[in-house]
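User: I'm new to this structure and would like to learn how to read it. Could you walk me through a few features?

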Amino acid sequence: MPMAADDIATMIKDAIPDAQVEITDLAGDGDHYAAMVTAASFAGLSRVKQHQAVYAALGGRMGGVLHALQLTTAIS
Amino acid sequence: MTDDSNARIDALVKASPVVLFMKGSPLFPQCGFSNRAISILNHLGVEFESVDVLQDQGIRQGIKAFSDWPTIPQLYVNGEFIGGSDIMMEMYEAGELHELFGGEKVAN
């Protein structure tokens with residue numbers, strides 16, 4: 001069951017309140033997304049930790065219902 | 001994760017300097033993200049071992065807990081988890097991956 005882009009963005013913002021989230025539906029099929037997540041609170045975290053914070057926000061959906069999420073993170 | 005698969009994963013990541021856990025084989029990747037990881041490593045001319053998680057359910061599930069990382073592929077260099085294909089791409093574009101492997105060649 002694919003997820004809607006808005007749901008993905010909402011979950012990330014709920015967990016990382018200062019995050020700017022930009023979701024792109026890569027294939028137009030509601031199943032292959034790219035997410036750009038920018039947050040000041042990422043400062044001091046390694047890339048792995050930044051990605052883990054986003055995955056944690058998605059509460060276990062990553063790798064499950066959310067198979068294809070190309071993720072880029074940055075410090076704002 | 002069983003202790004058995006944890007011990008096997010631990011041995012696998014330490015068996016070679018560069019290890020990629022992926023879906024399929026380097027010649028026939030079974031997923032676009034694994035394909036991307038392979039392309040990056042090939043482009044850098046890096047020698048690496050690959051582990052096809054589709055051949056082993058214990059490793060396929062265990063590797064996610066091992067690194068606290070929910071997806072495959074996963075790259076390990078000198079026993080350390082580096083990231084998935086997105087991080088590999090970011091590091092590649094920033095020249096950091098080249099540096100990582102370049103440093104290793106000097107050490108060898």
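Analyst: Gladly! Let's begin with angles: an axis is a line fitted to C-alpha atoms, and the angle between two axes runs from 0 to 180 degrees between N-to-C directions. This is a predicted model. Helix α1 (residues 5–15) of chain A lies across β1 and β2 of chain A, and its direction is at about 160° to β1(A).

User: At about what angle to β3(A) does helix α2 of chain A run?

Analyst: Helix α2, residues 47–57 of chain A, runs at about 125° to β3(A) and lies across β2 and β3 of that chain.

User: In what order do the strands of the sheet come?

Analyst: The order is β1-β2-β3 in chain A, an open sheet of three strands with mixed pairing. Since β1 (20–25) and β3 (68–74) of chain A each have a single partner strand, they stand at the edges, so one side of each has no neighbour in the sheet. On average, neighbouring strands here are turned by 15° against each other, direction ignored.

User: How many bridges join β2 to β3 in chain A?

Analyst: Seven bridges link β2 (residues 32–38) of chain A with β3(A), and the two strands run parallel. To follow one pairing, find Met36(A): its bridge partner in β3(A) is Thr72(A).

User: What confidence does the predictor give?

Analyst: For the complex, the ipTM is 0.84 and the pTM 0.89. Chain B has an average pLDDT of 91, with 93% of its residues scoring at least 70. Over residues 104–108 of chain B, however, the pLDDT is below 50, and this stretch has one contact in the model beyond near neighbours in sequence.

Note on methods: Residues are numbered from 1 along each chain as its sequence is written. Chains are lettered from A and ligands numbered from 1 in the order in which they are written. This is a predicted model: local features need pLDDT of at least 70, side-chain atom pairs count only at pLDDT 80 or more; totals for chains, interfaces and linings use all residues. pLDDT is the predictor's confidence in each residue, from 0 to 100. Two residues are in contact if their C-beta atoms, placed from the backbone, lie within 7 Å. Two strands pair if DSSP finds at least two bridges between them. Helices (H or I, at least four residues) and strands (E, at least two) are DSSP runs, numbered from the N terminus.
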